[in-house]
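Colleague: Please take one part of this model and go through it closely. I would like to know what it packs against and how far the coordinates can be read.

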Amino acid sequence: MEEPINIEEKVDIFIKKSKSCIKLRKIKEAVDILLEAFYISPDNEEIRVLLNELNKKFEGVLIFSFEIIKAILLNNSRKCQDQEIFDYFLGINQDLRVKKFNESNGMFELMEGFSKSLYILHFYVVGRLILMLCSFSDLTCESMINYIMIKEPDMLFLSKVPDTIIQAIFLVFFKKSLWPSTEKWEFSLRNFFNSISKDLEESKKERQMTLMKGIDHIFSLGMDVFRIFSNSSSLHNIFTLFGHKNDKEIKKLSSLLIFKLIKQKKAISDEFFENFIFNFIVESFKDGRNETLIAAYSILTYLFTIDESMAAKLFLKDGFLEEICSDIKSDDEVTLFLLEMVSSSCINIDCCKKLMEIFIAVLNDLKKQKNIKIYSLSEIIIIKLTSQINKKPNINKEDVLNLAKNLILIISQDYDTNMSFIEGLAYVSMFSHVKEYLASEERLFIAISQRVKKEPSDISFIFPAFASIRNIVGYKSELTEEQKQIIKLKTIVQGSSEKTEDILESNEKVTERCFKIINYQMSMTLSLALSCQSDSIKTLCSKIILSLSIEKKHRIILAKQGFIRILYNIIKDYQTKTLSNDDSETNYLYPAIVSLVKILITVNPNLIFDRSRFQVDDVIKPIYECLKISENDNSIVQFECLLALTNLASMNIEIREKLVPILWPTIELLWLSDNQLIQRSTVQLICNLVACSSGVAIFKKHRQRIHILLALADSPDNNTRSAAGGALAILSDDLSICKIILEEKNGIKIILDMINEDAEDLIHRGLVCIANIIYSLDFKDNVLFKKLNIIEDLYKIIKKTENKEIIDLSYQIIEELQKKMKCTN
């Protein structure tokens, strides 16, 4: 009697048969044999490898049954890789494979595996598979929708699934159009929001993050989602997550959701959210635990930043502030959160009035405490209140300086310190004696840099920190004579003595402070802060750099520290904004361009652009736009723009060719300006621009332009005259322009007057013009030169100068003149 074949031998026979079928190209038969072997021994590595190879090689032909996929996933003795499972769905017949999966009730079976806790080794693989299928197949989404409508996943079920299943559920809710009706979508979404409420509050960080990101994404569908969510139990838990003990990322996401909900309050009703938040705060007060009190104070603090009017309504409710005053906890942590809430309320004038009436006594008591943070925050609030209520507050300078010292101590020791302290720093940095002190405290700037490096997108910290730096380095605006007279008259009318100027606000003192800040190497900090993409932060960065670049000797240091790259990053998208010179909190372009202009005046542009990734083309248009809008309002900026463009034009001929068509329409207006500086710098720019074919063509096109240039070469301003002479020296290399100069009544006389000056640059430029005219023309005009005694003038020049170039050029002209006169005679 034969012994029965054992399982291993049977599987080996099946494998050999399948390999024979593969050799004979009987692929379907080979697969059937392997599947039979697989069901006998799902752990057999060789079977799995052969099936995978066949699947990849014949993906256009083979479509595997869902049974094999399910068998692999339910096999808890051998873990498979994601790709092994995914490959059964991906490929040429992808749509057909997914269709077979859905027709086999695949979604229901996979999801039910979670409820029965069937997946031990493949818990996360199944989750990723379902998310992948829902991501690229609406058919699979519809299967998931059917599952949700039939099974209505509850808290217990959701606690058994991986985060990828939560993501897949959010995905199908987002695809609203796939649902059978809006009513069923709303009903299921409401159930889902209620089911995740416990997870929102109690689960680990990763699940909380997944849930809040899903909620944030689905909020983009509009008002219906906000309305459904606001009527679910999850709303309360979103507010609870704002508590201070939660992870920063959790708080950040919960604050984002609260912000979006408050912004959509009218879609639900103002009263709903006001009542909800008020009840939330009242319940927290009744609870009395430190963590619930802190959550309540934190919510109201945040509300003042996103919806001041709603926050003020809650704050000013009858008995609210009185209740807080009567029951202040002895716990320092709770007191600090209370004070931060009070500090944030100072933004509202009505809140300030009520605080002055009720809370000042409390603040004075809190100042007596030994806790430096409580003392400092109480002092900050008092300064805010007195500044808001009294337009000329009587503040003790010594107290303010001591407060500044405390704030530096707090901020430098704790980078994650309460926001109100850095905001308080912005307040005290407005006092001149505090500015002097802060500028010398390097540890403050190290602390700011460390915090920005750690959290470069934290606007709530960066804005007050940079506002403080802006206050420290800010120059006072120069008053016009008219403004000075008005102030003087007001002083006389009011009968008060004229104010003496604060020496600490003098330009010399501000320049000293700027130099200290530059030495703290803040370029990386400013650059990192730009990543938050806030117009207000960009504006503060621009204004800080503008102040630092006022002093000429600072500009080379700024260039070496990489500030030009920062300025470029600020202005690179200038075409999406309308450039204006308004001094607003969001006008970052104008101060950034002006800062760049100042640096380009002082620093050799070849050094800048040779070492940078950006090109001259990137800055030409912004500077030109700045030049145009500064025409009527700021002649100094206009003058500096022209100087910067002149430097750029000196780089090479390619840049000059680009500049001519862009700049000429404005140049033609400015070279006739009544402002001597503007006229001079425009002619200096022209002198560089004519050193290219486009520049010469501009003057050949209209002879009147040569006449204007000749007139400018006769200007009483030597610098303008020298620049015009330089332009003529270059242009006179062209025969047609030489003719225009000779045809002009006083043309040759103006040029000869240049060589009779003492300034050697004028002499040289005049000589070049004369040489070009003599060498390029027939000598029919020799009579003109005889009358003007040019040879005699040239000998005088030779006698009085030691400049070899001028002497050699003079002798060359004399020799050429004599030779041509001899020929003519």
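Modeller: A residue is called buried here when its relative accessible area is under 20%, and exposed when that area is over 50%. The model is a predicted one, and the part I take is helix α43, residues 676-689.

By the buried cut-off, α43 is mostly covered, with 10 of its 14 residues buried. These are Ile678, Gln679, Arg680, Ser681, Thr682, Val683, Leu685, Ile686, Cys687 and Leu689. An α-helix has 3.6 residues a turn, so residues three or four places apart point the same way. The buried residues of α43 pack against α41 (635-649), α42 (653-670), α44 (693-701), α45 (703-712), α46 (718-731) and α49 (760-776).

As for geometry, α43 reaches 20 Å from its first C-alpha to its last, close to the 20 Å expected at 1.5 Å a residue. At its start, a side-chain oxygen of Asn675 comes to within 2.9 Å of the backbone nitrogen of Leu677.

One of the buried residues of α43, Ile686, is also touched by Phe699. Phe699 is among the residues with the most contacts inside the largest nonpolar core, together with Ile130, Phe193 and Phe466. That core has 257 residues, and helix α20 (residues 290-306) gives the most to it, with 10 residues. Domain 1 (575-701) and domain 2 (712-824) each supply at least three residues to this core. Another core, of five residues, lies apart from it and includes Phe14, Cys21, Ala30 and Ile33. In soluble globular proteins, nonpolar side chains tend to be buried together.

On how far to read the coordinates: the protein averages a pLDDT of 84, and 87% of the residues score at least 70. Where pLDDT is low, the predicted coordinates should not be read in detail.

Most residues other than glycine have a negative phi. Ser117, in the loop between α7 (106-115) and α8 (123-136), has a positive phi of about 55 degrees although it is not a glycine. Gln533 likewise has a positive phi of about 55 degrees; Gln533 sits in the loop between α34 (523-529) and α35 (535-548) and counts as exposed because its relative accessibility is 57%.

Definitions and conventions
Residues numbered from 1 in each chain as written. Predicted model: local features only at pLDDT ≥ 70, side-chain atom pairs only at ≥ 80, totals over all residues. Heavy atoms only, no water. Helix = DSSP H or I, 4+ residues; strand = E, 2+ residues; numbered from the N terminus. Buried < 20%, exposed > 50% of the residue type's maximum accessible area, 1.4 Å probe, protein only. Core = buried A, V, L, I, M, F, W, Y, C linked by side-chain atoms within 4.5 Å. Domains from an automatic or database assignment. Contact = heavy atoms within 4.5 Å. pLDDT = per-residue confidence, 0-100. Expected span 1.5 Å × (residues − 1). Polar contact = N/O pair within 3.5 Å; in protein donor to acceptor, adjacent residues only side chain to side chain.
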